[in-house]
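Let us walk through a protein model and look at how its charged side chains pair up. Keep the sequence at hand as you read.

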Amino acid sequence: MPSNADVVLAAFRAVEERDREALFELYHDDVELHDAPSLPYGGSSRGKAAMREQLEAAPETTWLGTWGPVQPTEAERRMDPRVVATDGEEVTVVYTTRALSPDGERFASPVLGLYEVRDGKFARAQMFHYDTAAILAFLERGRQATAA
């Protein structure tokens, strides 16, 4: 049986590879995602079925819908996750969010994530972004470049 850290790192690989089916297979039925409310995809989401529906119906309100367009290659999708601590069901990971705007601006920002694995499944994620203002400014500049 994989360790809790293995489950979390498998979820990172699925996100980096844009393998939705692998990611949803890892999710617990009652999975919860918590992100800074100020982000376009921020707030809380709960339930594997609800998340799948949101991804299909309103992808622009999801993490993938926000970052997908500015992560066109494997280099931008690479997060370099590193497990820094485990405690029972909890796994703490530091990683980097990378992106490339349509006009060539590169972006990289560290994130600390607290994850929970329950019943061998990815059950909860709470992300702590280093600088949400920088993220929002980059995304806005990217939108302006796309519109121009």
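Start with Glu-76. This residue counts as buried because its relative accessibility is 1%, and the cut-off for buried is under 20%. Keep in mind that the model is predicted.

Who is the partner of Glu-76? The side chain of Glu-76 meets that of Arg-106 in a salt bridge, with 2.7 Å from N to O. Glu-76 sits in helix α5 (residues 74–77), and Arg-106 sits in strand β5 (residues 106–118), so the bridge ties together parts that are 30 residues apart in sequence. Arg-106 is exposed, at a relative accessible area of 59%.

Now move to another pair. Glu-25 forms a salt bridge with Lys-121, and their closest N and O atoms are 3.5 Å apart. This pair links distant parts of the chain. Glu-25 belongs to helix α2 (residues 20–26), Lys-121 belongs to strand β6 (residues 121–129), and 96 residues separate them. Is Glu-25 buried or exposed? Glu-25 is exposed, with 54% relative accessibility. Lys-121 has 25% and counts as partly exposed.

Next come Glu-116 and Arg-118. Their side chains meet in a salt bridge of 2.9 Å, N to O. Glu-116 is buried, at 18% relative accessibility. Arg-118 reaches 23%, so it counts as partly exposed.

Glu-32, Arg-46 and Arg-124 are linked in a network of them. How many salt bridges does the structure hold? The count is 12.

Note on methods: Residues are numbered from 1 along each chain as its sequence is written. This is a predicted model: local features need pLDDT of at least 70, side-chain atom pairs count only at pLDDT 80 or more; totals for chains, interfaces and linings use all residues. Side-chain values use heavy atoms; hydrogens and water are left out. A salt bridge is a side-chain nitrogen of Lys or Arg within 4 Å of a carboxyl oxygen of Asp or Glu. Helices (H or I, at least four residues) and strands (E, at least two) are DSSP runs, numbered from the N terminus. Buried means under 20% relative accessible area, exposed over 50%, partly exposed in between (1.4 Å probe, protein chains only).
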